[in-house]
There are 2 protein chains.
Amino acid sequence: MNDPMLPDAGGLSALHPADLADRLQRLPVEEARRILHQLSEEKRADVIAELDRAEATELLAAFSSAELADVLEELPHSEAADLAGELPPGQRAAVLAELPPQDSAQVASLLRYPPDSAGGIMSDRFIALRADQTVAECQELLRQRAAEAPAEMTDDIAYLYVSDPDGRLVGVVPFRDLVFRRPHRRMGEIMRRDLKFVRALDDQEKVARLFQQYHYLALPVLEQNDRLVGIVLANQIIDILKAEVTEDMQRMVGLSGEESAWTPWRRALRGRLAWLYVNLATAFMAAAVVALFESTIARWTVLAVFLPIVAGQGGNAGAQTLTVIIRAMALGELTPADGRRALEKELTLALLNGLAVGLVVGVLGYWWKGSALLGVVVGIAMVLNMLAAALSGVLVPYGLKALRIDPALASSIFVTTVTDVAGFFFFLGLAAIGLKLFAP
Amino acid sequence: MNDPMLPDAGGLSALHPADLADRLQRLPVEEARRILHQLSEEKRADVIAELDRAEATELLAAFSSAELADVLEELPHSEAADLAGELPPGQRAAVLAELPPQDSAQVASLLRYPPDSAGGIMSDRFIALRADQTVAECQELLRQRAAEAPAEMTDDIAYLYVSDPDGRLVGVVPFRDLVFRRPHRRMGEIMRRDLKFVRALDDQEKVARLFQQYHYLALPVLEQNDRLVGIVLANQIIDILKAEVTEDMQRMVGLSGEESAWTPWRRALRGRLAWLYVNLATAFMAAAVVALFESTIARWTVLAVFLPIVAGQGGNAGAQTLTVIIRAMALGELTPADGRRALEKELTLALLNGLAVGLVVGVLGYWWKGSALLGVVVGIAMVLNMLAAALSGVLVPYGLKALRIDPALASSIFVTTVTDVAGFFFFLGLAAIGLKLFAP
C-alpha cells in the first residue's frame, strides 16, 4: 500500500518540477532516486535542474555516464554545464563525450568560466540579429529557427541583441518591437545603443548589482572585442542574491555560507566546530585581559558582576555597526573612499550612545552596589567600549576587504573579540587605577 | 566655476536615471533639488522614481502639488502610486486631483493596496487578451494600442495573459508566440493553463518566494473572482529581496531595518539607542546571575577569568543556530512543523560541539590554572551552554513567529541573553557546588 504522504511517481509527476524537486530533497536518497527513475526523461531533467546543487550531486552519484548524458541533453546548455561542473573530472569528460558533438562543445565552452562569474551563470539562449535586418526579416528568421530547434528558444525572451559583422554587440531592441514596429524598419534604426552589459569574467555579485541598479529583465554578457556570448536573466539573479545573502549572513557568524536548515548535522559539524575553535582562541584573549586584573577582582569582586554588561553592550553596538557596513558593502553602496564618512558617522553615534548608556549604567551601578567609584568607572568604560565597537565595526570589514578576503567572513567574531578585549581592559584598568587612587 | 566633481545639470542629464539618482542622494538636499529642477520633466520623473523612498520624500517636500502632479503624470501608475503613498494625506488628495481623471483613478485604485502586498508592488502595464482572438488579431490590436498610447507599453513584456469574458485569468502565452506561432492560431489553443499567480493582498515576501521557486520573469496578480489586475516583474523582486534581507539582517541586531550607511546619525540614533537600552536590561540579568555567586568568585577569582569564554562560546554557537533558522524561515524552507527536526539537528550539533569545545576548554583551564576542578566545571558548563544556545537559537525565532512578531526582531539580543544567563548559571553554579564538595 502506498504511503498517502508519498504519492507514487505518477501522482508526483503532475507537480511543477520545482515543487517535485522540493519533495525529493526531503526524502531519503534511495527513495528520491527511485522516483527520479520513474519520471519521463524530460521531466527528470527538469526536476534535476531545480534541485539544490549539493542534493543533485548526491542523487546523481549512482547514475551511469550514459544516464547522465541523457539528463544533460534535455537541459539548456547553461544548466547542463552547472551540473557537469559538479561531477568529478573523469566522469565529466565521459559524460561530455556521450553528448551530441555540438551540445558537448557548447557545454564545454560554458564550463571554461568560473561558476560564480557572469560567464558561469549566463545562458546561451539569446537572439542576436544584424543591424541591416528588417523587422519582417527578423520575424521570418526567428520563426524558422523556432521551427527547426524549438528547444533552443526559451519562453523568456525580453530583448533582441544587435551585432555588427564582427559579432560585436552594438545595440538592443525590446522583443515586443518585432510586433509593434513597422515591418520595413531596420534593427539598426530602432535599436538602443546606450546599453548596459557585463563582461564574461565579471563576478556574479557585480552582475547582481547591475540588475539592482538598472532593473532590466536581462543583461548581455560580452567576451573580448565586445563579442556577445550569452545573457543573464533577472530571474536567475534572484537565486544568486539569495545565495550571496545567505553566504554573507552565515559567514558573519562563522558558518560555511552554504548551510541550510536541512543540511545534515554530519556535514554541518566540521565547519561550525572550526569556527568555534577560532572563537575560542579569541575568547581566551579576552580571558587573558581579565586574568591580568585578577588581583584587582580579588580585592573588589563586584567588578566581575559588571563584566557581562561591559561585554554585552560593546558586542551589541559593534554588531549594529558591522551589520550596516557589511550590508552596504554587499549592496555596493560603500566604496573604499566612503570609509572615512562611514567611520565618522559611527564614531558620532558611538559617542552619543556611549554617553547615554554610560550614564545609565553608571547611575545603576552606583545605586545597586553603593559605590560612586564603580559608577564612574563603568560609565567611562562604556563610552570607551562603544568607541572601540564603532572603530572595529568599520575597520574589520574594511581591513578584510583590503586583504581581498570576504568582508563578512567571521567579522562578528573579530568585532566581539575587540569589544571584549577593549571593554575589559578599559573597565578593569580604570578600576585598578581608581582603587589605587581612592582606596589604596 | 563649476566643481569638476559636480557637473551641471546638462552633464548630469546624460547619465542613466538610476546613476543620476545615486549622485543626487549624496548631495545636500538644496543642491539636489536645484539639479532636479533643471532636468526635463520626463527625466526628472525617471530620476525621482529611482531615488530611495526616504530620499524622494525629502526632496519632494518643497514641490508644489502642481509640480508633483507633473512628475506623477510622467511615471507609470505603479510608481506614481508609490510616490503618492509617501505624501501626507492632504497633499496626496491635492496632487491626485491635479492628475488627468483616468490616471488619477488608476493611481487611487493602486493606493488601496498595502505597500508591501502584491497589489502594492504590482504594475498595471500588462496585456490581457481573449481566448478566441487569433495571433494575427492580437498583433494588430497591440500595434494599435502601442501607437495610441506608447507610454502604456513597457519594454519589458515577457508574457501575454488570456482572460475569459468575465475578466477571469485563464491562461498565459509567452509574448514570443505572437511571432513564432501561425497567424490563425487562437490564444485559447496555444495558452498554458497551469499558471502560477499571486493574490492582490498576498504579502510581498510570498510573491518573492514564488519567484524564487518557479523562476518566471513575471507573475500575474489576481483580485476576487480571479480577475487579473496587475503583474509583478522579476526585476522588481530583486529590490524587494534586497529590502527584505536588509531588514532581516538589521533587525537581528536591533537596527531599524531601514538604516543604510548613508542614513544621517541623527536619524539612526534613536532606533539604535532604544535597542541598546533593551540589551542593557538583558545584560543586567546576566550580571544578576554573576552577582548571585559573588561570594564564590570572592573565594576563587579565577572564575571571573573564564566568564568571557563561557559567554563568548555560547553566544557564538547561538548566533550560528539563529542565523540558519532565521534565514531558512525567510526563504520559506522551514514550516512550523519542521521545527522539531531543526531542533533535533541543532541539539545534536550542540552536544557534539559542546563535547569537543568543552574538552579543549577543560584541558586548557586545567593546564593554565592548574586546577582539575576548574577544568571539569568549565568543560561541563560549556556543554550545557551549547545546548542552551541551540535551544534558544531555535525557540526564540519560533516563539516570535508564533506571537506574529518578525522572527528576526532582536533575536540575537534575546539569544545572547539566554546563553549569558544560562552559561554563567551553569558555570558558577557548578563551581559553587564543586567548591562545597571538594574544598569546603
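**Close-up views of the chain A and chain B model**

**Figure 1. Surroundings of Ile237(B) in the nonpolar core.** Setting aside residues up to four places away in sequence, Ile237(B) touches Ile238(A) as well as Val207(B), Ala208(B), Phe211(B) and Val232(B), where contact means heavy atoms within 4.5 Å. The model is predicted: local features need pLDDT of at least 70, side-chain atom pairs count only at pLDDT 80 or more, and totals for chains, interfaces and linings use all residues. Residues are numbered from 1 along each chain as its sequence is written, chains are lettered from A and ligands numbered from 1 in the order in which they are written, and side-chain values use heavy atoms, with hydrogens and water left out. Ile237(A) and Ile237(B) have the most contacts inside the largest nonpolar core, which has 132 residues. A second, separate core of 80 residues includes Ala311(A), Ala317(A), Val377(A) and Leu374(B). A nonpolar core is a set of buried Ala, Val, Leu, Ile, Met, Phe, Trp, Tyr and Cys residues joined through side-chain atoms within 4.5 Å; buried means under 20% relative accessible area, exposed over 50%, and partly exposed in between (1.4 Å probe, protein chains only).

**Figure 2. The interface of chain A and chain B.** Chain A and chain B each bring 113 residues to the contact. Between them they bury about 10600 Å², 65% of it on carbon and sulfur atoms; buried area is the accessible area (1.4 Å probe) that two parts lose on being put together, summed over both. The interface holds 13 salt bridges, each a side-chain nitrogen of Lys or Arg within 4 Å of a carboxyl oxygen of Asp or Glu. A salt bridge joins the side chains of Lys196(A) and Asp19(B) at 3.9 Å, N to O. Helix H18 (residues 302-330) of chain A supplies 18 residues, the largest share of the side of chain A that touches chain B. Helices (H or I, at least four residues) and strands (E, at least two) are DSSP runs, numbered from the N terminus.

**Figure 3. Gln133(B) in a loop of chain B.** The loop that holds Gln133(B) runs between strand E1 (128-130) and helix H11 (135-148) of chain B. Gln133(B) counts as buried because its relative accessibility is 9%. Leaving aside neighbours within four places in sequence, Gln133(B) is in contact with Cys138(B), Leu141(B), Arg185(B), Arg186(B) and Met187(B). The side chain of Gln133(B) also reaches the backbone nitrogen of Arg130(B) at 2.8 Å.

**Figure 4. Ser163(A) in strand E2 of chain A.** Strand E2 spans residues 159-163 of chain A and includes Ser163(A). With a relative accessible area of 10%, Ser163(A) is buried. Not counting residues up to four places away in sequence, Ser163(A) touches Ala128(A), Leu129(A), Arg130(A), Ala131(A), Arg168(A), Leu169(A) and Val170(A).

**Figure 5. Positive phi at His215(A) and Ala410(A).** Most residues other than glycine have a negative phi. His215(A), not a glycine, has a positive phi of about 60 degrees and is found in the loop between helix H14 (204-214) and strand E5 (218-222) of chain A. A relative accessible area of 22% makes His215(A) partly exposed. Ala410(A) has a positive phi near 55 degrees and is placed in the loop between helix H20 (372-402) and helix H21 (411-438) of chain A. At a relative accessible area of 0%, Ala410(A) is buried.

How values were computed. A polar contact is a pair of N or O atoms within 3.5 Å; within protein, one must be able to donate a hydrogen and the other to accept it, and residues adjacent in sequence count only if both atoms are side-chain atoms.
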